[in-house]
Amino acid sequence: MRHQTSRVLADLALAGVVSAALAACGSGNSRSTSSPMTPPTSTDGMSSSATTATAAPPTTQSTAPATHPTEFNPPGDIPDNAVFVDHVAPGSHVHFTVPEGWAQSAQHGTASFTDHYNSIAIQVVAAPQAPTAASARQVDVPQLKASESHFQLIGIDTVSRKGAGTAVRIRYLIDSKPDPVTGKVVRDAVERYEFWHHDQDAILALTGPRNADNVDPWQTVSDSVTWK
């Protein structure tokens, strides 16, 4: 009886070992099977095509603006190669120069020349006394405030020019006339010169956008004013 019991126990132990071995084999086969949701990795270390596509860096589009060559001067800048031609103020012997090709008009004794955002105007009036910085501040500035849109005085000084000599200069800002299409205005900078000679006052006004670089052409025009 004891011998038979030992035999049964031995058979049960052997059966357990066999079952464990079979379970281990089944488990190993399950881990080696590739899942259809995860692409396998090749044995040479290179990813499959699906893995490569996932790992590739994303494509980004540059937001930097394109650079184009400048084909024209900024608005208001008079070209450096402008050719200046001689003109005579209406009803006088006052000569002055203007860039060639500018549109010309005359009204109430004032000659005006315009090109895009810039303008040159000159008028010769009778004046028994030479203007001064004080007379400009007391007489001319109030008149300009009343006649110009959003007048803002920058300064009054006395300058010397090659042709007519000494002049009183008034510098100020104004709004241009509204654009007929957009209704917008340009903030203009004005240099107004008063040259006096033999009871005559030549009033020269040079107007252009506030940020335009017209120092040299305005110097050329104001230097050219002279009586002949």
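Colleague: What is the pLDDT like over residues 17–73, and how many contacts does the model have there beyond four places in sequence?
Modeller: This is a predicted model, and over residues 17–73 its pLDDT stays under 50, with nine contacts beyond four places in sequence for that stretch. Where pLDDT is low, the predicted coordinates should not be read in detail.

Colleague: And what does the protein average?
Modeller: The average pLDDT is 78, and 67% of the residues score at least 70. Residues 1–10 are below 50, and that stretch has zero contacts in the model beyond near neighbours in sequence.

Colleague: Switching to the largest nonpolar core, which residues touch the most other members?
Modeller: Those are Val-94, Ile-120, Phe-195 and Leu-204, out of 22 residues in that core. Strands S2 (94–99), S4 (110–115), S5 (118–126), S8 (187–197) and S9, together with helix H4, each supply at least two residues of this core.

Colleague: What is Ile-120 in contact with, leaving aside its neighbours within four places?
Modeller: Its partners include Val-98, Trp-102, Phe-113, Leu-204, Leu-206, Trp-218 and Val-221. There is also a second, separate core of ten residues, with Ala-136, Phe-151, Ile-174 and Val-190 among them.

Colleague: Now Asn-214: is that residue buried or exposed?
Modeller: Asn-214 lies in the loop between strand S9 (200–209) and helix H4 (215–224), and because its relative accessible area is 4%, which is under 20%, Asn-214 counts as buried.

Colleague: Which backbone nitrogen does the side chain of Asn-214 reach?
Modeller: The side chain of Asn-214 reaches the backbone nitrogen of Ile-78 at 3.0 Å. Not counting residues up to four places away in sequence, Asn-214 touches Gly-76, Asp-77, Ile-78 and Asn-118.

Technical notes
Residues numbered from 1 in each chain as written. Predicted model: local features only at pLDDT ≥ 70, side-chain atom pairs only at ≥ 80, totals over all residues. Heavy atoms only, no water. Helix = DSSP H or I, 4+ residues; strand = E, 2+ residues; numbered from the N terminus. Buried < 20%, exposed > 50% of the residue type's maximum accessible area, 1.4 Å probe, protein only. Polar contact = N/O pair within 3.5 Å; in protein donor to acceptor, adjacent residues only side chain to side chain. Contact = heavy atoms within 4.5 Å. pLDDT = per-residue confidence, 0-100. Core = buried A, V, L, I, M, F, W, Y, C linked by side-chain atoms within 4.5 Å.
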